[in-house]
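Take a look at the protein below.

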Amino acid sequence: MAISLTGSGVADELFGQLDRATEGLQPPFAAVELGAFDTNASILRREALGKPIRLASKSVRCRALMRRVLGQPGFEGVLAFTLPEALWLAEEFDDVVVAYPTADTDALRRLAEDDRAAQRVTIMVDSVEHLEFLQRHVEPSVSRPLRLCLEIDMSLELLGGRVHIGARRSPVHTPEQALDMAHEIEKRPGVRLVGLMGYEGQIAGVQDAFSAAALQYPLVRLMQRISKAELAARRAEAVAAVRAAADIEFVNGGGTGSIGFTASDPSVTEIAAGSGLYSPGLFDGYRSIRPLPSAFFALPVVRRPGKGVVTALGGGWVASGAPGRDRLPRPAHPKGLSYTKTEGAGEVQTPLRGRAARDLEIGSRVWMRHAKAGELCERVNTLHLVADGRKVDEVLTYRGEGFAFA
Ligand SMILES: Cc1ncc(COP(=O)(O)O)c(C=O)c1O
């Protein structure tokens, strides 16, 4: 039986252009179509209702493309995913918030000892344990305090906390807990509370579009309606409580999948987003925003094991998260190809079947879309940039620059 993941809605024309632009290249390789990429930046900007967008680096993982976006109006600052990454990015970008707490004591010491990094990088905390960890490993400096952002949990808790819907992130859930943490930070030397972050992953990161394969989506939407009402009130209260205790610079919220909703929350001053720039496969399942697919990878056909089946070289490219079919790359072109149930997106070879397989020969290309955004860049050293049907550049990914941060 075949697993069908097609239906991305990407025009055949675009693949014709990508084919022409990358004609001399040997697959596997990855390409980004800059027209779609830039359009997506505009879509995100429009959805953000005038609030600045902090670029989620994990969803881009390519400094050249990060530069391209951060050079446009509406995008300010980076939301990084590890402290070593943030220290590296801070050599170039002047405002980097690390979205996840760190236990990397070497990187913390580097941060604390470097004036410029200490001014440019903000690290995440959500507990007294984090503050004590920092105190144990970093000599507090009053003249060069560590910039801290407090993460507030934006997940939905029902039945007195027995049902938890959302990411397992911060233990700080109530405005009172947020205020207590603000006081804890304020009373310690060598640290300064500069921001709040509340990421509503159950809204920003969950597919909710109707699909025959996913009958649970009406339930997802109901959950999201309840959650939006609950979290908007709670986030506003937490922000007001913390603002009374500390002079914070920013309140960050959201992701591509919630950008309009998050931007309309008056307590939020900036939105985090990144995935929408590439618009990977999972975003086909989002109702709130429809960016254009801009990132692709090409695999070569190397075998024809039987009628209606071709085998492409390469495989895997499977996305992170709860395991499921939606984590597999989408065979995007030619249309109508699907995986075999026994091999799926294989390890080093990927059989693909369907009507389109009949017209493929040894040496033909199959264009695929990764299910998630930045993870594509962990598989390739470079991205080939295509504009107006021509290859205009080849840029290094994080991996190509020699970095694998997580
Ligand atoms: C804190 C935070 N903000 C925002 C995002 C979402 O960004 P994106 O636009 O890539 O979905 C993430 C992704 O996991 C995140 O962890």
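This is a predicted model: local features need pLDDT of at least 70, side-chain atom pairs count only at pLDDT 80 or more; totals for chains, interfaces and linings use all residues.

Q: Which element gives the most to the side of domain 1 that touches domain 2?
A: The domain assignment gives domain 1 (2-32 + 291-396) and domain 2 (34-274). In domain 1, 14 residues are in contact with 15 residues of domain 2. Strands E19 (382-387) and E20 (390-396) each give two or more residues to that side of domain 1. The most, 4 residues, come from E19.

Q: Where does the largest nonpolar core lie?
A: This core has 113 residues, and Leu 150 and Phe 296 have the most contacts inside it. Strand E13 (residues 295-306) gives the most to the core, with 6 residues. Domain 1 and domain 2 both give residues to it, so the core lies between them.

Q: How many Å apart are the end C-alpha atoms of helix H10?
A: Helix H10 covers residues 217-245, which is 29 residues. At 1.5 Å a residue, the helix should span 42 Å. The distance in the model agrees with this: 41 Å.

Q: How many charged residues are in the shell around the ligand?
A: There are 15 residues around the ligand, and Ser 59 and Gly 255 are among those that come nearest. By class, 8 are nonpolar and 7 are polar. The number of charged residues is therefore none.

Note on methods: Residues are numbered from 1 along each chain as its sequence is written. A residue is near a molecule or strand if its C-beta atom, placed from the backbone, lies within 6 Å of it. The expected span of a helix is 1.5 Å times one less than its number of residues. A nonpolar core is a set of buried Ala, Val, Leu, Ile, Met, Phe, Trp, Tyr and Cys residues joined through C-beta atoms within 7 Å. A residue is buried if 20 or more other C-beta atoms lie within 10 Å of its own, exposed if 12 or fewer, and partly exposed in between; C-beta atoms are placed from the backbone. Domain bounds come from an automatic or database domain assignment. Two residues are in contact if their C-beta atoms, placed from the backbone, lie within 7 Å.
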